[in-house]
Each structure stands twice: as structure tokens, then as C-alpha cells.
There are 2 protein chains.
Amino acid sequence: MEEQSTINGEQLTINKMTSLYLVFDFGGSKLTAALTTDELLAKQRWLGHHREFSPLAATAVTDLKTIIRLGRKLLAETGVARATAVGVSFGGPVDYQTGTVRLSHHVPGWENMPLAETLAAEFGCPVIVDNDANAAALGEHRLGSGQGFDSLLYVTVSTGVGGGWILNGRPWRGHETMAGEIGHTVVDPAGPLCLCGKRGCVERLASGPYWAADYEAEQGRVRGLSGKRVAELAAQGDERARRILQRGARALGVGLGNAANLVNPRLFVLGGGVAKSGKLWWRTVRQSAREMALPEVHFEIVPAALADDAPLWGAAVLARMKAEG
Amino acid sequence: MEEQSTINGEQLTINKMTSLYLVFDFGGSKLTAALTTDELLAKQRWLGHHREFSPLAATAVTDLKTIIRLGRKLLAETGVARATAVGVSFGGPVDYQTGTVRLSHHVPGWENMPLAETLAAEFGCPVIVDNDANAAALGEHRLGSGQGFDSLLYVTVSTGVGGGWILNGRPWRGHETMAGEIGHTVVDPAGPLCLCGKRGCVERLASGPYWAADYEAEQGRVRGLSGKRVAELAAQGDERARRILQRGARALGVGLGNAANLVNPRLFVLGGGVAKSGKLWWRTVRQSAREMALPEVHFEIVPAALADDAPLWGAAVLARMKAEG
């Protein structure tokens, strides 16, 4: 039974031989489901894509129900009975070997949830689960800025700072799927207190919400700022905003320079909202990383190419790996 | 032509089929050549072993001549016409792919020396060259404290602080053979000035000569101290020595904790003279690393097992890999 479909303006052949990858992304505030095939993956296109906001009162159970509903809807819309494999990007620490979520820092109830097992029972196919930074690193490596590079660290600088490694051309997750936590490396032990309890973590200095909080704390009157707004103020010449932005960029640069000395990757790929903070930010990050690294240690620092869908594309690559065994 | 030899009190069969590994270690001040076979490697025994001090006026040319002489002597003593492969541990940055030395921080004249090529012409067999920390990491992984662990960082804390990674059961050298430079990760940007030009590097705070220098600078009168002597004074209750030792141990612990968050290895193996500084040092290193690491990140920190010969054993493992293609 061969079927010619026109989806998103493209002619597609879907038959029994077509591998279908159903992918999910559990973000901090957004839930996404998407569907792709080998043919579409190579073109970076989705057969279908649905995104919903996770409500403030969300729990693991409600988020899981939403994702399953979105997945079923996608399959129904495309007339597909069954996905070949499911790939999942989860915004928090997971055990990659078993597909079990350790916890979520945003949504309650995720502790030790057997996510892969649950989705495998629901969709009747193999499921692979990774954390969002590792998935995004894989996405950037196969389809984005990291194409052709044998080693890289992907870093997302957003509400938090997380990272994922590609070493020897494949993901390095660490022995507990915890590798890449550059956000909680300490660059200034005399620095401000981080939520994690330590002082001077990269995340405490480089992430957007802390920029806003630091600006508000210094200014005294303003409220409701965002990291993006601080970057805009800096671009307009606001001295306080420039100082906070540069301090954050330097902290990230020190973290990257330390990572360069320690692991010697070829490339750093920076994504997330804060990476859109403009020239001063990029110049400061690059200069600071260069100053930290030994003269014999070389690398490039480049922007991510896949934007917010990087973890989702990585999940699709993971699903394909899983399908291929 | 089979030959039964008794060497080091052991019965050995050496015939045409026996693989013979000639290994060299270019240390900062010592030059070592040794010879082993598969049978002996498994027992951690050498067929022969010669060590000479490198004179203060040494250059790359004189050190190379000494090593070649030691190697020829070993082959002559054992009646072996030719080694199967040569493995080399070099105390400084090398290009692993080509076997070229980048430079030595101790001995002049090593810049861009084609070491593998030179030794291959001399000994008529394949040659593999790695830096000493990577070689030692491999030695500890195959024959020492790291046996059975899939991921580890070996750190030597001595006159300098260097490291080597094992990830996925094999060496991770970085894209320029520069990975593992934990000594030049910064743990305190307000700390004292390091030789590399940065402030508060792990090496500046944790290595033996700096302990001695800091003690002498504070005390004013004493001269000619060593890191070992500072550790002895600390063990005797000398408050200044205890403070310097603990500051160094904390700096190393912060570096290890950061490395744990960033790469999530299963194990840290600590070697070198400073790692013999006693209970207070070990307790402080372990506690400080634990405090830096995220609660979800777990690891052990253990002493190296192979002592000063770790790089040499690693070189033997490398030579065997080279012989096996």
C-alpha cells in the first residue's frame, strides 16, 4: 500500500518501508511533538509538528498526558498506524541507559519516572530518552553548526546554562548521563550565590534571569525585566546593563576556556536566548575564552544553527539510531 | 630458533613469535628505556629497564642520544635483534597523530621534533608517541587503579599538574592531543599569579614547588624547601604548612568537582609526589570535590597504583596497540 502525500508543500512517498520517527520535547514551559522520516530529516523538515504550553500547575502526569495526546494526534493526522521509533528530549537529568527521568527542576512528580517504558507501552515501538542538552548537541552536530566536526561542546545559555558533548563523532554523556553541566562549574568562588548553593557558577553569572535580577537589585526601582531586556539596554549604551552583560559573557568565556584546557574539543556551539545578545557579548565571550586557554589549545566558538528546535532534531536523530539498532 | 631465558628470576620463552615492546619515557629530569613482552606486560614486569638522569645542560639532541643508547643497550643485553614496536611517553605537548613533539617546558630544542619518525628510522619498527599524562592514564586504566572503569581522569600532582582522560574505555586526547590540562583550569581568578600568566590555576595552588615557594615567601627566612617538606611540616602540626597544603588540596578538589560536572567520569586517579601528602590532603581534596559537584554527579577519587612507572606502562600498552595495528 503505497501512498503519495503532499505535506508542507512537499511530495512524499510513505509506504510500509518508510521509517517514521515520532519525537517529543519536554521543555521547561513547552511541550512539543513532531513527526519526521529519513527523507524529511535530511531536509530538516517535519511531517507534522504540534506545540503546547505546559500550564503553571503542570505535573509529570499532566505533561505526559499532553505529550501522548499530541503524539496520537500527529499519527492520526498523517494516517500512520505506528511510529518506527520514538525519540525524546527531556529538560532535566535522565538515566540514558534505562530511559528513566531522575527529576525535573521545573515540574513536580518526575522523580524516577520510567519515561521510555511508559511511552513504549503507549506507542508500541522502541523509545530512546536523552536530556535536552545532549539531544541538542547531537542535533547541532548532525544538522546544524557542528556538521563535520569530530568534537564539540554545545552550550545553551538561556534561563539556565546546560551543555552536551560530542567526542569522537558521537555523544559523550558521562557515566550517569550528567556530562556537560558547564553551568555549575565555578568560575569565581567569591562571586554571587547560585541556586545550587555554590558561589560564582557560570549559570549564576551568565544566564538571563540572573541578569534581570542583578539589574533590578542594583537599580532599585525597575521590576519585571528580562535577560533580553538587559541585553537591549546594553546595546543602547546603558552602563549598568553593559557591565552585567560583560560580566556574564566573561564568566561563560572562563567556563569555555577551562573546558577547552580540560577536554580540547574542536568547537563550541552556543545556543539559547542569551546567545542572541549581540556583538559585545560575543566578542567578550570569545576573548575571555581565548585568554583562559593555553596557547597550544585552539577552538572556535560559533552560534547554534537550529534555534529552539535543536533538542527536537537531536531526538529525531536518536530515534533513527534506535530504529537502526 | 627458540630460546629459554631466565630474566629477573623468571623463565621466559622468546622466539620469532614473541612481540617485544621497547618503551621510552622522556621525563622532566629522567630518561628511561624498558623492554617487555605480552607475557611480562600482563604481570607488570620488565625484561629490562634502564634509567639515567638528564643533565641540567640537556638539549633535545643529547636526551635523544641518551634514550637511543639505552634502547640499543637493552636490545643487546637481551640478544633481541629488533623490537616489534616502540612506545614513547613524552613529558610535554605532542601531536599524537604524527608523533611530533610540540615543545618541552624543561629542555630546549624539542620544538616540532619528529620523534616518532626519528625513532622509527633508528629502531626499524613502528613507533607511537603520546604525552606522559595520557600514557599514564592508559597505564592506570589497563594495569592500575582504573582497571574495570569505563571512564576516568588520571591526574598527576607533582612539579606540575597534568591529566589524561579515558572515556568509553579508551584514551580521549582532544583534537590536538591537549586534553586533560586540569592544571591550567582557573579555580580562583583573584588567586596568585601562575607561570602561564593567569591567576589561580589549579597548578599554581596545588603543585609542590609552589607550596615550597609560598611557605618561603611567608616565612621569610627558610630556603631550599620542597613540596614534600611542606607536607611533612603540615603533618607535624605546622600551621602555615597546614594552611598552604589545605589551600592546594581545595584548589585541586574544586578543579576535580568542575571536571566531574563537565564530563561526569566514574573515577579520578591521583598520582605524583603531592598525592603522597597524607590524610589531611586526601580528606580535603575529596570533600572539596564533593562540595563542587552537583548532587546527581557521583565519582570516586583514588590513589594511582603504578607510581612513577605509570607513563612507561602506558607506553608499553600503546606499543602493543601499535603492533596489533
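1. Sheet in chain A. In this predicted model, 5 strands of chain A form an open sheet with mixed pairing. The order is 12-11-10-13-14. Strand 12 (170–172) and strand 14 (300–303) of chain A are the edge strands, and each pairs on one side only. From one strand to the next, the twist averages 30 degrees.

2. A strand pair within that sheet. Strands of a sheet pair through backbone hydrogen bonds, either parallel or antiparallel. Strand 10 (residues 152–157) and strand 11 (residues 161–167) of chain A take the antiparallel sense, over 6 bridges. Leu152(A) has Ile166(A), in strand 11 of chain A, as its bridge partner.

3. Chain contact. 36 residues of chain A are in contact with 36 residues of chain B. Helix 8 (residues 239–263) of chain A gives the largest share of the chain A side, 6 residues. By class, that side of chain A has 18 nonpolar, 10 polar and 8 charged residues.

4. Nonpolar core. In soluble globular proteins, nonpolar side chains tend to be buried together. Here the largest nonpolar core has 205 residues. Val88(A), Val230(A), Val88(B) and Val230(B) have the most contacts inside it. Beyond residues up to four places away in sequence, Val230(B) touches Trp211(B), Ala212(B), Tyr215(B), Leu225(B), Ala241(B), Ile244(B) and Leu245(B).

5. Helix crossing in chain B. The axes of helix 4 (residues 132–143) and helix 10 (residues 310–323) of chain B come within 6 Å. They cross at roughly 80 degrees, so helix 4 of chain B is roughly perpendicular to helix 10 of chain B. The residues of this contact divide into 11 nonpolar, 2 polar and 3 charged. On the helix 4 side of chain B they include Ala135(B), Leu138(B), Arg142(B) and Leu143(B). Trp313(B), Val317(B) and Leu318(B) are among those from helix 10 of chain B.

6. Backbone points to check. Most residues other than glycine have a negative phi. Which way does the phi of Asn168(B) go, positive or negative? Asn168(B) has a positive phi of about 55 degrees. Asn168(B) sits in the loop between strand 11 (161–167) and strand 12 (170–172) of chain B. Asn168(B) is exposed, because 12 other C-beta atoms lie within 10 Å and the cut-off for exposed is 12 or fewer.

7. A further asparagine. Asn264(B) has a positive phi of about 55 degrees and is not a glycine. Its loop lies between helix 8 (239–263) and strand 13 (267–271) of chain B. Is Asn264(B) buried or exposed? Asn264(B) is buried, with 26 other C-beta atoms within 10 Å.

Definitions and conventions. Residues numbered from 1 in each chain as written. Chains lettered and ligands numbered in written order. Predicted model: local features only at pLDDT ≥ 70, side-chain atom pairs only at ≥ 80, totals over all residues. Core = buried A, V, L, I, M, F, W, Y, C linked by C-beta atoms within 7 Å. Buried ≥ 20, exposed ≤ 12 C-beta atoms within 10 Å, placed from the backbone. Contact = placed C-beta atoms within 7 Å. Axes fitted to C-alpha atoms, helices over the stretch in contact; angles between N-to-C directions. Helix = DSSP H or I, 4+ residues; strand = E, 2+ residues; numbered from the N terminus. Parallel < 35°, antiparallel > 145°, perpendicular 65-115°, else oblique. Nonpolar A, V, L, I, M, F, W, Y, C, P; charged D, E, K, R; others polar. Pairing = 2+ DSSP bridges.
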